[in-house]
Amino acid sequence: MTDRTIGLAGTGVIGSGWAVRVLARGHDVVAWDLADGAEDRLRATIERVWPSAIRLGLFPGADPDRLRWAGSPEEVAESADWVQESAPEDESAKRLLLGRLDAAADPSTVIASSSSGLLPSRLAEGLSHPERLLIGHPFNPVYLLPLVEVVPGEATSDETVAAAVAHYDDLVMHPLVVRNEVDGYLSDRLQEALWRENLHLVNDGVATTAELDDAIIYGPGLRWAAMGTNLTFHLAGGHGGMRHMLRQFGPALKLPWTRLEAPELTEDLVEAMTSGCEDQAVGRSIAELERQRDDSLLAVMRALRASGIGAGRLVAEREARILAAGAAAAAEPWRPGAEIAAPLELYSATVEPDWVDYNGHMTEWAFLAAFGWASDALFRYIGIDEAYRAGGHSYYTVETHLNHLREASEGERLRITTQVLGSDRKRLHIFHAMYRAGEPLCTGEQMLVHVDTAAGRSAPLLDGPAAAVAAIGAAHASMPPPPEAGRRIAIGAMD
């Protein structure tokens, strides 16, 4: 799904989140909103949260400047390959807007509503092409949270649902198809139950908003990042699983532990909720709280990356897709007879906020990580990818030397070149050089050994990658050896 234009009708909190997610994917955005000053607010929001998008990972071509403002919803619909409506949660207003979009869009263009609870069958009433309408309900912040509920209506075609799953997968999200059309869908119904109990506990004076939030963020909230309620309770049953859990704790369902009917929203309750949250904020602005929320979400998601659980699986998948897309954009995978650049230039990156230390400069481990990604890009170029590693073979690094020449700062664009200094069927000697706008920053020399991962020992490189390495080595043989190659650390005599 390359070179796509995504149309956004409505650019509030949700619409602006969609804009950031789509732009970070490397697609074009055409957007419209009725409100005065909406374009300026959208561009300001993108600028404010773009560092979070950088930290999650940008695809090749990702650029906030790929946003175009439209003069009407009709212009959005006519220009886009996919239309996402994110107007306020007012059914009559949404139906009017969706009618305008439906009348202007090509019949093959899917129109998705970001509604958080309205029924798609009602939203589709009166449309010329109700078969192409469905719900694509995201979660705030859209540019970080991967869940999107896909809710078809009675008239929605199977082709539209399949297109929606493919579209949201392209944005590296988790499209959850809600098979039965129901008010509030799935996630919001679960959140609403917790929210109503929260209101009751504050209304009854049992707890403050801070105490109730602590009850989640220090306990079940951390579990929910990797497991839902059902699997969590399944584990609560020990070896007997959910069956034992229900037998042991089922009688508690008869106890008055919850009150699912919402209390009356009196002025006193509204004031208690409001003042409680303001006390929790302790003077922090919404923008500050957003940044803290984003930092926390990224930390949790990245912490889950190695386990392959929940959102961590998608973070790892996003990194793999970005590397594959970046390698493809830099150079086609090696083929016999193909021209080989000397040196290769397969990887570039932007200095991320958490790559920077207390001095304001890129820290040592980040240089090493960047060179690691450059090595990974080389592996993909020669044919070592997920499938190759799943077959039980990979390169392991056995020695690395870094030479730091200059500092790098947050937001600076880096490019890395790669030179093959030598190789045989088991070993690969490579040299990376990092640049900022042509200025050398750092070099990294690595010796790698090809291993049989199951046996845990060195093994000959398989034929395809071996041919690629030999061809690269021949192409790089006439290059002068880098002056930093083979250096050792020593304190020489002083004059």
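A residue counts as buried when its relative accessible area is under 20%, as exposed when that area is over 50%, and as partly exposed in between (1.4 Å probe, protein chains only). Under this scheme Arg 425 is partly exposed, with a relative accessible area of 40%. The structure is a predicted model, in which local features need pLDDT of at least 70 and side-chain atom pairs count only at pLDDT 80 or more, whereas totals for chains, interfaces and linings use all residues. Residues are numbered from 1 along each chain as its sequence is written, and side-chain values use heavy atoms, with hydrogens and water left out.

**Overall architecture**

- The protein contains 17 helices and 14 strands; these are DSSP runs, with helices (H or I) of at least four residues and strands (E) of at least two, numbered from the N terminus.
- Along the principal axes, the C-alpha atoms occupy a box of roughly 80 × 55 × 50 Å.
- Of the 495 residues, 42% count as buried.
- The accessible surface comes to about 25500 Å², and 55% of it belongs to carbon and sulfur atoms; the areas come from the Shrake-Rupley method with a 1.4 Å probe, and for residues only the protein chains shown count as cover.
- Among contacts (heavy atoms within 4.5 Å) between residues at least 6 apart in sequence, 71% join residues at least 24 apart.

- The protein carries 43 positive and 70 negative side chains, and the centres of the two sets are 7 Å apart.
- In this count Lys and Arg are positive and Asp and Glu negative, while His and the chain ends are not counted; each charge is placed at NZ of Lys, CZ of Arg, CG of Asp or CD of Glu.
- A surface patch of negative charge brings together Glu 267, Asp 268, Glu 271, Glu 278 and Asp 279.
- Patches consist of residues with over 30% relative accessible area and no salt bridge, with like charges joined within 9 Å and nonpolar side chains (Val, Leu, Ile, Met, Phe, Trp, Tyr) within 5 Å.

**Salt bridges**

- Side chains of opposite charge can pair when their charged atoms come close.
- A salt bridge is taken here as a side-chain nitrogen of Lys or Arg within 4 Å of a carboxyl oxygen of Asp or Glu, and the count by this rule is 33 salt bridges.
- Lys 94 and Glu 85 pair through their side chains at 2.5 Å, N to O. Lys 94 is buried, with a relative accessible area of 0%, and Glu 85 is likewise buried, at 0%.
- Arg 95 pairs with Glu 91, their closest N and O atoms being 4.0 Å apart. Both residues are in helix H4 (residues 91-104), four residues apart, which is about one turn of the helix. Arg 95 is partly exposed, with a relative accessible area of 28%.
- Asp 463 and Arg 425 form a salt bridge at 3.3 Å, N to O. Asp 463 lies in helix H17 (residues 463-476) and Arg 425 in the loop between S11 and strand S12 (427-436), so the pair ties together parts that are 38 residues apart in sequence. Asp 463 counts as exposed, at 59% relative accessibility.
- Salt bridges with shared partners join Arg 55, Arg 291, Asp 295, Arg 302, Glu 352 and Asp 354 into one network.

**Buried residues and their contacts**

- Thr 417 is located in strand S11 (residues 413-423) and counts as buried because its relative accessibility is 9%. Not counting residues up to four places away in sequence, Thr 417 touches Pro 343, Leu 344, Glu 345, Phe 431, His 432, Ala 433 and Tyr 435.
- Val 142 sits in the loop between strand S6 (133-137) and strand S7 (147-152), and is buried at a relative accessible area of 0%. With residues up to four places away in sequence not counted, Val 142 touches Ile 14, Gly 17, Trp 18 and Arg 21. The C-alpha atoms of Val 142 and Met 173 are 9.6 Å apart in space, the two residues being 31 apart in sequence.
- Val 151 is part of strand S7 and is buried, with a relative accessible area of 0%. Apart from neighbours within four places in sequence, Val 151 is in contact with Pro 120, Leu 134, Ile 135, Val 178 and Tyr 185. Between the C-alpha atoms of Val 151 and Pro 175, which are 24 residues apart along the chain, the separation is 9.9 Å.
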